[in-house]
Amino acid sequence: MNAIRMVYGIADKKIRMIHNGVDTTFRNPDEVTSFDIKNWKNQYGWNNRFVVTYYGHAGKSK
Amino acid sequence: MPELVTVDTQLLFVFNLIDSKRTAYIKEKIRKYHPVASYGAGFGSSVQIFNGLEKEELRTLVASSDVIVAPSISEGFGSVHTEAVAMKKPLLTTYIASIPEVVRGNVKFIAPASRREIVQAILERDQWIQNPEYTLPYKEFSRNTTVKEIIKLYH
């Protein structure tokens, strides 16, 4: 929104901000049980590790 | 971050990359610095690479992680960022574009394209993870709300 204001000089009253929506099913932590997490950690050797994760596209901007 | 795994052996870096033109290049770079990087289960290694997991598996991967790192240098919205914080995961990200506007919860901001600040934030994670001073207020971005707003705009 700032880019529209600053680069194109559009007045605030002409701008209506609507954010993207996100997948509320995917992002619900309650969909993953402690049992699922325990299994995952056992399966991939994550116990006693501090896990730093990147996921998504591998583009330069990321 | 090859220097990190040598100073902190507890660290495990996990990548789940969506297939694209740069994916092979990124994997090659990871392999260059971490010859023992594994695909999927890799007990004892410091780097694990997953290939485009399905939604349910990815959700479990995120839920099982300790921190999500998404240091974008440009961003239109920040889907990964909003997903990660909605999953109540600490997020290490950059103070650019839409990101500060859309994230909530436990967030540590760093400068864009700063390898040094990523390293420092991970090494000093105890200072910001679960620290109320690094907690941003609640925000919600549901698809239902977005659709309603768009319909309202055009009618």
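The points below go through the sheet, the contact between the chains, the core and the domains of this predicted model.

1. **The sheet as a whole.** Eight strands make up an open sheet with mixed pairing, and their order is S2(B)-S3(B)-S1(B)-S1(A)-S4(B)-S5(B)-S6(B)-S7(B). The edges are formed by strand S2 (38-39) and strand S7 (135-136) of chain B, each of which pairs on one side only.2. **The pairing between the chains.** S1(A) and S1(B) run parallel to each other and are joined over seven bridges. Two of the residue pairs can be picked out in the model: Val51(A) is opposite Leu12(B) in S1(B), and Tyr55(A) has Asn16(B), also in S1(B), as its bridge partner.

2. **The other neighbour of S1(B).** S1(B) also pairs with strand S3 (residues 47-51) of chain B, again in the parallel sense, and this pairing has five bridges. Asn16(B) takes part here too, with Phe50(B) as its bridge partner in S3(B), while on the chain A side Asn16(B) is the partner of Tyr55(A). S1(B) is mostly covered, with six of its seven residues buried.

3. **The contact between the chains.** On the side of chain A, 33 residues are in contact with chain B, and on the side of chain B the number is 53. Helix H2 (34-44) and strand S1 (50-56) of chain A are the elements that give two or more residues to the chain A side, and S1(A) gives the most, with seven residues. By class, the chain A side that touches chain B holds 15 nonpolar, eleven polar and seven charged residues.

4. **The largest nonpolar core.** This core has 33 residues, and those with the most contacts inside it are Val52(A), Ile68(B), Ala84(B) and Leu91(B). Strand S1 (residues 11-17) of chain B supplies the largest share of the core, six residues. Within chain B, domain 1 (1-65) and domain 2 (66-155) each contribute at least three residues to the core.

5. **The surroundings of Leu91(B).** Leaving aside residues up to four places away in sequence, Leu91(B) touches Ile68(B), Ala70(B), His81(B), Ala84(B), Val85(B), Val103(B), Asn106(B) and Val107(B). Ile68(B) and Ala84(B), like Leu91(B), are among the residues with the most contacts inside the core. Strand S5 (residues 91-94) and strand S6 (residues 105-110) of chain B run parallel and are joined by four bridges, and Leu91(B) stands opposite Val107(B) in S6(B).

6. **The two domains of chain B.** Chain B is divided into domain 1 (1-65) and domain 2 (66-155), and the centres of these domains, taken over C-alpha atoms, are 21 Å apart. Seven residues of domain 1 and ten residues of domain 2 take part in the contact between them. On the domain 1 side, helix H1 (2-7) and helix H3 (55-64) of chain B are the elements that give two or more residues, and the residues of that side divide into four nonpolar, one polar and two charged.

Notes: Residues numbered from 1 in each chain as written. Chains lettered and ligands numbered in written order. Predicted model: local features only at pLDDT ≥ 70, side-chain atom pairs only at ≥ 80, totals over all residues. Core = buried A, V, L, I, M, F, W, Y, C linked by C-beta atoms within 7 Å. Buried ≥ 20, exposed ≤ 12 C-beta atoms within 10 Å, placed from the backbone. Domains from an automatic or database assignment. Contact = placed C-beta atoms within 7 Å. Nonpolar A, V, L, I, M, F, W, Y, C, P; charged D, E, K, R; others polar. Pairing = 2+ DSSP bridges.
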